[in-house]
Amino acid sequence: RSFVLPGAAGAYTAGASQHNTARVAQLLTDAVQDLEAVQQQAMIEGSAAPLGAAHLRAACLCSLGRPEDAWEVLCDSGRHCVGRRASADGRDDPSVPRQRALEAEVLVLLQRHDEAIEACSAVLALNARGLTDARVMRGWCLSELGDVEGAFEDLSAALALSNERSDVHEAYGDLCMAHRHLQEAYAAYGQAARRSEPLDPRLAYKRALPQLALGQLSLAQQELVKALRISPHHASALRARDGVNALQTALKEDWRHAHVRFNMMLHQGGVSASQIPSISGADGLPVLFLPHELMMYRGMCSLYLGDLSTAMQDFATSLELVRQLATAAGDEVDWEARPQRWLPPEAVSQQGLASFECECIYNIALCHLRGRDFRTALVYVERLIHRQEDLALFGPSALSLAFFLSGICHLAMDSTGEGSHSEHFAKESFSRSYSYDAAYVDDFLRRHAQNRQEEQPADPPVPARA
């Protein structure tokens, strides 16, 4: 029964329902208890328990999200492997590479990447079964430690070893996504899907990810429809589909209906602001359209609808939500460590958070400009200007825009008599804007010249000669 229960759990894993998830956990828990009974019985009889039982127990504990307990089991079974290594360096004993492979897997889950690399290299040195999995795991560890070239070398080698395996192509696609090789990721997920019969909805969902990142909303929607056709209650695909529909509505400038869609997603729940996306779903897939993103999108709709106070409130709330997410992520990963695979940049790095803060400040400044509150708008624009290092990440155009908006605020305040020396400050700001990028000032001058021409009275008609 100890061996049958994990197999039954694997069969249930194919389903995405909450009931199936609970059933999988129960089957794995039962298996762990049975395998512990095997260990206890062996101790009573004064004999050694089969190493396979310890290995299976460690694998079940990993699947239950208990890598620390799995590591304790492997440490104990590792002591029983010592004698076996002496036989031809363990090459003829399948339990030895299996032990090292499980150690590598658990060390990856414990984020002890250097040790995991050593364990994977040991498996490869044994020239035993499991070479492909060792390559995949070592590649991901190298990626986490910043050795991108080494990571792609290992994943490419894994593909050469097991080109027929869908999961290896999927792992290669995940690596490409992590390093923004979007076209390659889409192709790799496609190769995985062609080797998956029937098609796993997870792969259809993942094929939508690079399309979304490339801005191909229609193609992404097609992949999500495929996922939902196979698994109509797939939570991640349902959420992604609703988000893409809302974005497409916004791109059509149907702000009112887009606002309704984003608002519905915010109130549907399912994802807490402080949850880590990579572990928030039972399917382990990245969750798209997080609360802070939805709040930002809803704020933009309110801005274009002219509801400026609501828009500013949404932008401020969006910033607070992403800070909560960053705090929650900080409990899982160091700011200086490699980011988790599916976390957005604003949640895992100070640089990413600073960029998102700049976006929020800019949006609030726009609201005040549209409301003709130029003095308050200038306060927010100057906050942007004081963060020139952060703005530089967006390129020179962002710095040009910030100084241009400063010039507009000063010019408007001069025309209304709100500020002293505003004309001088306006000229200085426009000059700084022009030094970074001439586009905004040139466009402003061209439009201003056109308006002046339209305001001039038409020349009197020339009298006709008799």
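The model is predicted, so local features need pLDDT of at least 70 and side-chain atom pairs count only at pLDDT 80 or more, while totals for chains, interfaces and linings use all residues. Residues are numbered from 1 along each chain as its sequence is written, and side-chain values use heavy atoms, with hydrogens and water left out. The secondary structure of the chain consists of 24 helices and zero strands; helices (H or I, at least four residues) and strands (E, at least two) are DSSP runs, numbered from the N terminus.

**Overall composition**

- Of the 466 residues in the chain, 45% are buried; buried means under 20% relative accessible area, exposed over 50%, and partly exposed in between, with a 1.4 Å probe and protein chains only.
- Among contacts between residues at least 6 apart in sequence, 55% join residues at least 24 apart; a contact means heavy atoms within 4.5 Å.

**Nonpolar cores**

- The largest nonpolar core has 71 residues, and those with the most contacts inside it are V136, Y172, Y205, L224 and F262.
- Helix α3 (residues 51-63) supplies the largest share of this core, seven residues.
- A second, separate core has 37 residues, including A311, V322, A398 and V441.
- A nonpolar core is a set of buried Ala, Val, Leu, Ile, Met, Phe, Trp, Tyr and Cys residues joined through side-chain atoms within 4.5 Å.
- Not counting residues up to four places away in sequence, L224 touches Y205, A208, A237, A240, R241 and V244.

**Helices α13 and α14**

- Two packed helices are described by the angle between their axes and the distance between the axes.
- The axes of α13 and α14 come within 8 Å and cross at roughly 160 degrees; axes are lines fitted to C-alpha atoms, for helices over the stretch in contact, and angles run from 0 to 180 degrees between N-to-C directions.
- The two helices α13 and α14 are therefore roughly antiparallel to each other; angles under 35 degrees count as roughly parallel, over 145 as roughly antiparallel, 65 to 115 as roughly perpendicular and the rest as oblique.
- The crossing of α13 past α14 is left-handed; a crossing is left-handed if the near helix is turned anticlockwise from the far one by less than a right angle, and right-handed if clockwise.
- On the α13 side, R239, D242, G243, N245, A246, L247, T249 and A250 meet W255, H257, A258, R261, F262, M265 and Q268 in α14.
- The residues of this contact divide into seven nonpolar, five polar and three charged; Ala, Val, Leu, Ile, Met, Phe, Trp, Tyr, Cys and Pro count as nonpolar, Asp, Glu, Lys and Arg as charged, and the others, Gly among them, as polar.

**Helices α19 and α20**

- Helix α19 (residues 350-370) and helix α20 (residues 374-385) pack at an angle of about 160 degrees, with their axes 8 Å apart.
- That angle makes α19 roughly antiparallel to α20, and α19 passes α20 in a left-handed crossing.
- From α19, C358, I361, Y362, I364, A365, H368 and L369 meet F374, T376, A377, Y380, V381, R383 and L384 in α20.
- Eleven nonpolar, two polar and one charged residue form the contact of α19 with α20.

**Backbone features in loops**

- Most residues other than glycine have a negative phi, and most peptide bonds are trans.
- The peptide bond from E197 to P198 is cis, with omega near 0 degrees, and P198 lies in the loop between α10 (182-194) and α11 (201-213).
- E253, in the loop between α13 (235-251) and α14 (255-268), has a positive phi near 65 degrees and is exposed, with a relative accessible area of 58%.
- R372, in the loop between α19 and α20, has a positive phi near 60 degrees and is exposed, with a relative accessible area of 61%.

**Selected helix residues**

- E170 lies in helix α9 (residues 166-178) and is buried, with a relative accessible area of 8%.
- Leaving aside neighbours within four places in sequence, E170 is in contact with Y189, A192, R202, L203 and K206.
- S406 lies in helix α22 (residues 396-416) and is buried, with a relative accessible area of 4%.
- Leaving aside neighbours within four places in sequence, S406 is in contact with L378, V381, I385 and S429.
- Q222 lies in helix α12 (residues 217-230) and counts as partly exposed at 47% relative accessibility.
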